Every structure is written in structure tokens, then in C-alpha cells.
Amino acid sequence: QIKDEKIETGWENYIVPYGRDIVSAIFPINWAVRAALTFGNVKKGDKASILKYTRERVLATGVKLGEITDIEVAAAWGAVNMGFPVLVNAALPKLEIPGVCKHEAIAGEPDISKIPEEALQMRGIKIKVKKIPIPVPYSAAFEGERVRKEDTFVQFGGKYSRSFEFVTTRDLESLEDGKIEIAGKEIKEMKEGDTPPLAIWVDVAGRKMLPDYEPIIERQIHSYINYAHGIFHMGQRDMNWLRISREAAAKEFSLRHLGVIIHARIHEDFSNIVDKVHIRITSVSEEVETLHSEAKKTYLERDERMAGLTDEAVKEFYTCLLCQSFAPNHVCIVKPERLGLCGAYNWLDCKVAFEINPTGANQPVPKGNPIDMENGEWEGVNKAVYENSNKTLGRFQAYSIMTYPETSCGCFECIIAIVPEANGFMIVNREYQGMTPVGMTFTTLAGSVGGGQQTPGFMGVGRLYLLSKKFLKADGGIKRIIWMPKELKEFLGDRFRQRCAEEGVPDLFEKIADETSATTSEELLPFLEKTGHPALSLPPLL
Ligand code: SF4
Ligand code: ZN
């Protein structure tokens, strides 16, 4: 049915086909068990703890439509046994099994149109429906959707034209909320294949609004726009890229609708700080250029402001507990010089999140008295870690991976792992699927690093942490990096070379092995010796 309706599937669309017959139901269930083992710190074979995890944290419901065969009944009981209720489109009385499923275990709903709602209710999930007056469907489910070249009506930015998006603060009095101005051609006046320039300029005002919040609101524009079906958005600032599909254009989706979306969503997400939103969207070349040179000044100022933020310069760090929904004992301590390991939350983001929602997942952590500045340990941090890890962890050392490293939930962008024989660390990013010199792939390593445990020598981190001056400072810093995949090297590029120069090892970049030079420790050591890698002459790690 999904195929007939031409609904796109795949991980980025949140619809993952596992197979056509009922036996395939084992795959999603297996996946749920893996979540318990990886994120929940549950041991293999501990059935009671696995059930507790899948019942409390994997909020899935099995749905079976149409006739039911014997083997399907058996499969349904298998799912129920893991805490997953099963819903069918037949008149069935509700059946509860206390201690196994939280709500009903089996239920029937003959009206197919009510099935999705009922399936959510069976797991106690409530959803907020966003109604935004635009002519295309709008939902988080479309966030990862791509608009292919053949399906594109017009596009902006990318390598095709100048395009940028920008949020700036104005006085409350000077703004009219909800005003959306369009300059230049609307989409319906454009020709198929056009690539005009575009500026999305958003003025916001609010009694509690601060310029520090601008980049955070601005970064949301990406997902705001992407939620619209048939609209593709990539990148940020003046590196963005938008595509409007032919289907969306046929439904008369317009540039004005981009404004409608941004206006509605900023009010929804930032009501604590923003009172008025005014948007100007222009595709007039000269205006785009003038506005861009203005925005560019601010982009640069922001970079400088962020670069100037150090761990020493602030009084407090922030907790992030968002991942506790699946890794119950994990806590991120987000610092100016170390962003959350998922790469999505830096110190400023957490600060703003706290100001917007003072009882949310990001709470300030006063650093308190320093205990050990070499390793990066503070009384206040330890206290927060203890209180927020269900009292399972008492110490975090921010600048070392060898003693009391920070924990990892499961959504790390990269994993750092000790390679004792090379006296250094290798780093592997999530996208790299090949073998690494420690004899494990990213996936295998992830299984032993995640789950909120403290594993000296292993740690999950965000990509940008590799550019931080505090990167494993107590263990020797970037000089200890002996291997990383090529793609990660390319991503870090000149910024990493600059860090190498700052650390007095300008040629380090070339001395770090990648998969083209070594995928085993036997290949790695000769490479490091040949290039004279500095890790070999550092004090022994173990
Ligand atoms: Fe928060 Fe990201 Fe850490 Fe999860 S991984 S707790 S979302 S900072
Ligand atoms: Zn996480």
C-alpha cells in the first residue's frame, strides 16, 4: 500500500520496511532489545530488565490489519511479551496484562481511520498537532525528505545562486507582528528550472529577546521549512539551499508560505522570549546582495563571540538530560569548549534552552570549587552528575578520557578509543562503516561505549569537539590522535590544521593514519613510525 501511494520509505523518512511477511516482525523487536542493551546498560539475558526497558522506553505498538492467521496470533503474543501491545482492525474486547504491558495488551478498533490515534494512546503518547495554513502537509515526518532534481520546480542557493537566512533583533515598537513582505517574483511567476537568489530576513522583538539568541532561532529555520512536504532545505546562514518541488508549486505553495511557517513556528517554540516576528523575503538580486553584506557582518561577529567563550570564562556549565528517555543514567555536561556528544547542543544552546524553559532538560551547573584543574574536575559538576545520574556516578573529569571520562548515551557523532600499542587514540565517525585499528566497527564499538557507563579509554563525542583547545587536554590533546577516517579528516580540514599549528605540530594532519593507510594495528604502527607521529614519544598512556 505504501508503494502504491508512492510514499517514500527509508531511515530519513522514518518509514523503514523490514519485510513483507509476519516473520519479519522479529526485526523491529530485535531492534528494541538492542536499544535496551546499548542505551539502557542492560545485560544480555536479563529478561526482566529488558522487558522493563522495552515497556517503559520503547513506545511501540504492533498494528495488524485484515484477517489474522495462527502464526500472526503467535507473533502478536511474542510482541506482547516484550511489552508491545497489539492493535487490530476488528471488534475485540480490550485485554490487559498487568506487569507486562503498561496499558492494554490487545485491543481492536474496527474503524481504520482511528487506528493511528488508538495506537498512540495505547502507549500513553500525546501529540501536539501543528496546524499551519499552507497548501502542503506539514509534519516532522517530512524533515528528512529530499526533493530530487527531476521533481524540482525552482531552487535557491546551493551552488546555483546567492541565498541566505538571517534572524535579527529589533525594538518592540518598530515591529508589526505577522507582517510578511515579499519582494520580487512569487513562485507561480517563475519558470520551471529557475534558480533565483533569495534572502529570508526575519526581524524579531521581545522584552526578553537578546542578540545571543538570534543564531539559535535562526538555526531552527532549517527544520521549520523542511517539515513542509515538497520543500527541501539544507544548510544554514548564507550556505543554505532550498528546493520547491513541482508538486508543491502545483498546489500553489509560495514564498509567502515560507514566511507563514517561520512566523508560526517561532511563536510556538520561542513564546517565552519573542513577542513579534516580521519577515521579509526577497528574490530581487540587488536587494539580496545589500542585505547579505549586512548579515555577513553579524555572522562574523557571532563566530568571534563563540570563539571567545572558554570554560574558564563562564561561571556555570549546563546539564543536558534529553537522552535520559532512553539512556536513563546518562548526563551530558555541556561546556563552552565541549558541546554535547550528539553535536546538536552547544553551551549557548543550553543557556537559551534554560532561559526559554527553566524546568527543562538543560539546567545550569555552577562549577563550584575546582578540585583538579589539570584534569578538569569541579565540585559543582560532580554534585550535578551524582544527582542527575540516579546516583550512579560521582565524578567527571572534563579534560581526560583515562580516569573519570564523561559518559555516552548512544547518539555520539564520533567514538574515541584507546589504541594502547600506538600510545594514542583513534576516532571513528558514525558514517564510517569499515573496520578500525582496534578491530571493531563503529557499531560494535557503540555497543560497549553507550548506555551511560563510564568506560576509561572510550568515549562518545561531537565532531566539533576535535577542534576544541580542551580536547583530551590532560592526556596530551590532539597529539594523541593516531587514526581517523578520511571523511572525518576532510570535514575538519583547515580548521584542524590550524589547531595542529597552534599545538606546535603543524604537520600532524598528514601523520594521522586513515583507512587508506591502515585498518589494523599491524598496519598502523609501521605507518606511525614512518611518519614520526608525536604520540609515539609521549609518556605512556597506560
Ligand atoms: Fe543532550 Fe545531545 Fe547529550 Fe543527548 S547527547 S543529553 S541531546 S547534549
Ligand atoms: Zn544522546
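Conventions. I number residues from 1 along each chain as its sequence is written, letter chains from A and number ligands from 1 in the order in which they are written. In this predicted model I take local features at pLDDT of at least 70 and side-chain atom pairs at pLDDT 80 or more, with totals for chains, interfaces and linings using all residues, and side-chain values use heavy atoms, hydrogens and water being left out.

Zinc site. I looked up the donors (N, O and S atoms within 2.8 Å of the metal, 3.2 Å for Na, K and Ca; water is not among the atoms, so sites may look incomplete), and found the zinc ion (ligand 2) coordinated by Cys-323 (SG), Cys-409 (SG) and Cys-411 (SG) at 1.9 to 2.2 Å. Along the chain these donors follow the spacing C-x85-C-x1-C.

Cavity. On a 1 Å grid over the protein atoms alone, I took a cavity as a set of points where a 1.4 Å probe fits but cannot get out, with lining residues having an atom within 4 Å of a point. I found one cavity of 30 Å³ or more, and the largest cavity holds about 50 Å³ of space, a volume being the space filled by probe spheres set on the grid points. Its lining includes Val-331, Arg-338 and Glu-406.

I noted an open sheet of three strands in the order 13-12-14, with antiparallel pairing, where strands are DSSP runs (E, at least two residues) numbered from the N terminus and two strands pair if DSSP finds at least two bridges between them. The edge strands are strand 13 (332-334) and strand 14 (364-366). Strand 12 (residues 316-320) pairs with strand 14 over three bridges, and Phe-317 stands opposite Val-365.

Conventions
On a 1 Å grid over the protein atoms alone, a cavity is a set of points where a 1.4 Å probe fits but cannot get out, and a pocket is an open set with protein on both sides within 12 Å along at least five of seven lines; lining residues have an atom within 4 Å of a point. Helices (H or I, at least four residues) and strands (E, at least two) are DSSP runs, numbered from the N terminus.
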